[in-house]
Amino acid sequence: MSVSSARGNGVAFPEDLREWQRGLRAQFPIITAHPELAYLDSAATAQKPQAVLDAAQTYLTTTNANAGRGTYTWANRTTDLVEGTRDRVKEFLADPAPERSGVHFTSGTTEGLRTIARDWLTSYLTDGDEIVVPVADHEANIAPWLEAQQLLAGQGVRVHVRQMPYQPGSHDYDHNALAAQAGPRTRFVAATHVHHVYGGNMNVHRIRQAVGPDAVICLDAAQSIGHLPVSVAGLDVDFVVFSGHKALALPGSGAVWARQRRGPDFTPGGWNGTPNTIGIASLAAALDWLEAVGTDRIERWTVALAARLTEGLRHLDAYEILGCHLSLAADSPVQQRQGIVTFRHRDIDSGDLGFILFSHGFMVRSDNHCQGSAGEPTGSVRVSLHLYNTPEEIDRLLSVLASLQ
C-alpha cells in the first residue's frame, strides 16, 4: 500500500488516491452542484454517480417493460436484465458456487431481513431451537427475528432468543462468549458486517468457528456493500442482505443472497408481483461502477477519512466518541472505523448540534440511529463517509467542532 506513512495496522492518509478521488467525486452531480455543502450521511443513503443516473434514464427510454410477462423485445430485455443482475450480485459477492445460490430482489435490507424471517426461518426452526439476535445493532436486524419467534409461539413452537454478546468498551462481538453460549440447538445467528453506529467491522468471519458448522448465519451488509470488498466465501455465511440505495443505486432496490446449503432453499412466499425494474437496472450499473472503481480503494479512502476525524476529535475534550477508544488515533494498532464516526457533545444536545453543523454546511445525522434496545441510551451525531468526501471537509468539520468547545 502506497501511503505517506504507515505504522502497525494504523491508517495514514492515502496520498496516492487523491487524484483518483478527485476524478470520481466529479462524477456525482449533486455533490459538484453544491460545493458549499458537505454530505456526511452516506450510512443513511449514498449519492449516485452519473453512470447510475444514465443507466436509469437509458432503461426508461429504451427498454422499460415488465419482466417475465411478455414475448416482445422490451419485455425480453427487461427479463434478461433482471436475471443478469442476479448473476451480477453473485459475482460481486465472490460467490464460489453460483449455480447453487439464489438472489431475490427486495426494496432494501429491512424488507430482505423480514422476508427471511417470515418466509424461511419460521419453517426452519423447531420446538426448543435457539436463535442469536444482535440487540445493540440496527432495529431492522432485531425486530424480524423477534416477530418470527412470536409467530412460532402462536403455533405452539417455542424458540429461545439469545442475545449476541458484545465486548465491553469496544462494542465488537465477543466471539469467545458466543462460542461458550452456543450449543447444539443454536440454529440461527443474525449478525451485522459493519456496525451502523460504532463503525466497526464486526469480524463476522469468526462467527462460524464460534457457533459450529450447522448454524445458519444471516448477515446484514447494509453498511459494507459498496464500501469494502465482501466475499461470501471468506465470511462463510448463509444469507447476505443489503440495500441498493446505500450502494449507489436508486432507492427501493436491494437484494437477498442465499447460499442454499443449510436448511430448505430460500423461496419468498406469496405471489411475485412486478419487480422494481428501474431499481434493478440502477443496481446493476452501481455494481459495475463500484467494481471498476475498486471497493478496496474505497475502503482505504473512507477508513483514512474516519481516522482523520477520530484523531482530531480525541483532542477535543468537549466530545465523547462512541465505540472502541483504542481505535481513535490515526496510527492505532487496532482496526480503524469503516467510514462511520459517531459522537456527542458533553453539553450541547445532539439534535441541536446537528442543526448547528448544518448551518455551517455539514449534513450529518443526529438521533439514536435506529439502534436496538441494548444500544446507546441517548442520541448522538453520526458522520458517515463515502468516496466523494474529502480530507478538507473533515478538517473544516473539526474546525467548527473545536469552536463549540
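The centres of domain 1 and domain 2, taken over C-alpha atoms, are separated by 26 Å. The model is predicted. Domain 1 is built from two stretches, 15–41 and 294–403, while domain 2 covers 53–293. Where they meet, domain 1 contributes 31 residues to the contact and domain 2 contributes 33 residues. An unreviewed UniProt entry lists residues 39–397 as "domain: Aminotransferase class V". The end C-alpha atoms of residues 39–397 lie 11 Å apart.

Strand E5 (residues 186–192) runs parallel to E6, and 5 bridges join them. Phenylalanine 188 stands opposite valine 216 in E6. Strands pair in this way through backbone hydrogen bonds, either parallel or antiparallel. Is serine 224 buried or exposed? Serine 224 counts as buried because its relative accessibility is 0%, and the cut-off for buried is under 20%. Apart from neighbours within four places in sequence, serine 224 is in contact with His193, Val194 and Val230.

A second sheet is open too, with 4 strands in the order E9-E10-E13-E12 and antiparallel pairing. Strand E9 (319–321) and strand E12 (365–367) are its edge strands, each pairing on one side only. Neighbouring strands of this sheet are turned by 30 degrees against each other on average, direction ignored. Strand E10 (residues 340–345) and strand E13 (residues 380–384) pair over 4 bridges in the antiparallel sense. Isoleucine 340 has serine 384 in E13 as its bridge partner. Helix H12 (residues 350–359) lies across E9, E10, E12 and E13 and runs at about 45 degrees to E13.

Now the nonpolar interior. In soluble globular proteins, nonpolar side chains tend to be buried together. The largest nonpolar core here has 81 residues. Which of them touch the most other members? They are Ile207, Leu313, Phe343, Leu357 and Leu401. Helix H10 (residues 277–293) supplies the largest share of this core, 8 residues. Domain 1 and domain 2 each give the core at least three residues. A second, separate core has 26 residues, including Trp120, Leu125, Phe188 and Phe239.

Leucine 313 sits in helix H11 (residues 295–313). With a relative accessible area of 1%, leucine 313 is buried. Not counting residues up to four places away in sequence, leucine 313 touches Tyr319, Ile321, Val341, Phe343, Leu398 and Leu401. Leucine 401, leaving aside neighbours within four places, is in contact with Leu313, Leu316, Tyr319, Phe343, Leu353 and Leu357. Leucine 313 and alanine 46 are 24 Å apart in space, C-alpha to C-alpha, and 267 residues apart in sequence.

How values were computed: Residues numbered from 1 in each chain as written. Predicted model: local features only at pLDDT ≥ 70, side-chain atom pairs only at ≥ 80, totals over all residues. Heavy atoms only, no water. Buried < 20%, exposed > 50% of the residue type's maximum accessible area, 1.4 Å probe, protein only. Contact = heavy atoms within 4.5 Å. Helix = DSSP H or I, 4+ residues; strand = E, 2+ residues; numbered from the N terminus. UniProt positions renumbered as here; feature names shortened; annotations may be inferred. Pairing = 2+ DSSP bridges. Core = buried A, V, L, I, M, F, W, Y, C linked by side-chain atoms within 4.5 Å. Domains from an automatic or database assignment. Axes fitted to C-alpha atoms, helices over the stretch in contact; angles between N-to-C directions.
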